[in-house]
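This report describes the fold of a single protein chain and some of its local features.

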Amino acid sequence: MSDITTETEEFDPEVPIDSEGPVAYTSETNPAPEQRAETGRVAVINPAGATGRRKEAVARVRIVPGSGKWKINGKDLDVYFPNKVHQQHVNEPFVVAGLEGSYDVIARINGGGITGQAGALQLGVARCLNAADLEANRPGLKKAGLLTRDARIKERKKAGLKKARKAPQYSKR
């Protein structure tokens, strides 16, 4: 039994040992605007246009260099989306790209409900920023998942059922 050794008893002096201890894992954050200046690449401010869709809602969005004003179907952002969650949701692409207050947004939205319209507007704004400056904006927007269209839509009603999956009540006799 004494001539059997386990791998844990052997020590290899060639392998360096970390004296700092375990590494602390953190969630990655997107670079702040001041960090972006360190890399030497700053986003170009160009006008752009794109379309965003979510559920039944369609948003046609244009961004132009400006002071950060929103016009959605002729109304301001806080009038069209009184819920702060929806306002944050549609503004998220600007926060991720570090371009808050750099563009004015003009959008026409139709179809769907309020949450679907907010999702459509968010995708439209993200696509606009992507079109305005591909090299600077795309990596951050892509990593945050803002350039992906949410493909979940309402399931169609089936024959013999009340809704897509709801069956009529079963009667034994």
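**Overall make-up**

The model is predicted. Its secondary structure comes to five helices and four strands, arranged along the sequence in the pattern α-β-β-β-α-α-β-α-α. The chain has 173 residues, of which 29% count as buried. Among contacts with a separation of 6 or more, 70% are between residues 24 or more positions apart.

The four strands form an open sheet in the order 1-2-4-3, and their pairing is mixed. Strand 1 and strand 3 are the edge strands; each has a single partner strand, so one side of each has no neighbour in the sheet. From one strand to the next, the twist averages 20°. Strand 3 and strand 4 (residues 103-110) run parallel and are joined by three bridges. Lys71 has Ile106 in strand 4 as its bridge partner.

**Helices on the sheet**

Helix 3 (residues 84-97) packs on the sheet and touches strand 2, strand 3 and strand 4. The direction of helix 3 makes about 140° with that of strand 3. Helix 4 lies across strand 1, strand 2, strand 3 and strand 4, and runs at about 150° to strand 1.

**Helix 4 and helix 5**

A packed pair of helices is described by the angle between the two axes and the distance separating them. For helix 4 (residues 114-132) and helix 5 (residues 134-143), the angle is about 145° and the axes are 6 Å apart. Helix 4 contributes Ala126, Leu129, Asn130 and Ala132 to the contact, while helix 5 contributes Leu134, Asn137, Arg138 and Leu141. By type, the residues of this contact are five nonpolar, two polar and one charged.

**Aromatic rings**

The structure holds three aromatic pairs. One of them is formed by Trp70 and Phe94, with an edge-to-face geometry: the ring centres are 5.9 Å apart and the planes are at 85°. This pair links distant parts of the chain, since Trp70 belongs to strand 3 and Phe94 to helix 3, 24 residues apart. Trp70 is buried, because its relative accessible area of 9% is under 20%. Phe94 also counts as buried, at 3% relative accessibility. Ring pairs join Trp70, Phe94 and Tyr103 into a cluster.

**Two loop residues with positive phi**

Lys55 has a phi near 50°, a positive value in a residue other than glycine. Lys55 is placed in the loop between strand 1 (48-54) and strand 2 (57-65). Asn73, likewise a residue other than glycine, has a positive phi near 50°. The loop that holds Asn73 runs between strand 3 (70-72) and helix 2 (77-80). Both relative accessible areas fall between 20% and 50%, so Lys55 and Asn73 count as partly exposed.

| Residue | Relative accessible area | Class |
|---|---|---|
| Lys55 | 47% | partly exposed |
| Trp70 | 9% | buried |
| Asn73 | 25% | partly exposed |
| Phe94 | 3% | buried |

Definitions and conventions
Residues numbered from 1 in each chain as written. Predicted model: local features only at pLDDT ≥ 70, side-chain atom pairs only at ≥ 80, totals over all residues. Heavy atoms only, no water. Axes fitted to C-alpha atoms, helices over the stretch in contact; angles between N-to-C directions. Contact = heavy atoms within 4.5 Å. Nonpolar A, V, L, I, M, F, W, Y, C, P; charged D, E, K, R; others polar. Buried < 20%, exposed > 50% of the residue type's maximum accessible area, 1.4 Å probe, protein only. Pairing = 2+ DSSP bridges. Phe/Tyr/Trp six-rings, centres within 6.5 Å; stacked < 30°, edge-to-face > 60°.
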